[in-house]
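Let's walk through this chain together, from its overall layout down to a single residue. Have the sequence and the 3D view open side by side as we go.

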Amino acid sequence: MDQNEVLELNFYDRPEDEQQDFLAQTWCNQCLEVDLGMVNPREYRSEDRHWIVGDCARCGNEVITEIVYEDDE
Ligand SMILES: [Zn+2]
């Protein structure tokens, strides 16, 4: 796999409750506030990253949520 290759995934393939959590739990660099919510989510993954990009529900600035998988759950 190419190091820089980025795959676009379908956010809406996630279970409904996960979608709600990701849409609600955000950090906006513009508003400097957590949990303002995001709209228009797009999900991507690359070799070593997995993240969701959306628009801040308040200001429309791009917000990014990194997805981190716990090894031992
Ligand atoms: Zn914002």
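Before we turn to the sheet, one term is needed: two strands pair if DSSP finds at least two bridges between them. Keep in mind too that this is a predicted model.

With that in hand, look for the open sheet, which has 4 strands in the order β1-β4-β5-β6 and antiparallel pairing. At its edges stand β1 (6–9) and β6 (62–66); each has a single partner strand, so one side of each is left without a neighbour in the sheet. On average, neighbouring strands here are turned by 30° against each other, direction ignored.

Now zoom in on one pairing. Strand β5, residues 50–56, runs antiparallel to β6, and 5 bridges join the two.

Stepping back, the chain contains 1 helix and 6 strands, and from the N terminus on its elements follow the pattern β-α-β-β-β-β-β. Its C-alpha atoms fill a box of roughly 35 × 25 × 20 Å along the principal axes. Of the 73 residues, 11% count as buried. As for contacts between residues at least 6 apart in sequence, 42% join residues at least 24 apart.

Finally, visit the helix α1, residues 16–24, where Asp17 lies. Is Asp17 buried or exposed? Asp17 has 8 within 10 Å, so it is exposed. Its C-alpha atom is separated by 17 Å from that of Arg42, 25 residues apart along the chain.

How values were computed
Residues are numbered from 1 along each chain as its sequence is written. This is a predicted model: local features need pLDDT of at least 70, side-chain atom pairs count only at pLDDT 80 or more; totals for chains, interfaces and linings use all residues. A residue is buried if 20 or more other C-beta atoms lie within 10 Å of its own, exposed if 12 or fewer, and partly exposed in between; C-beta atoms are placed from the backbone. Axes are lines fitted to C-alpha atoms, for helices over the stretch in contact, and angles run from 0 to 180 degrees between N-to-C directions. Two residues are in contact if their C-beta atoms, placed from the backbone, lie within 7 Å.
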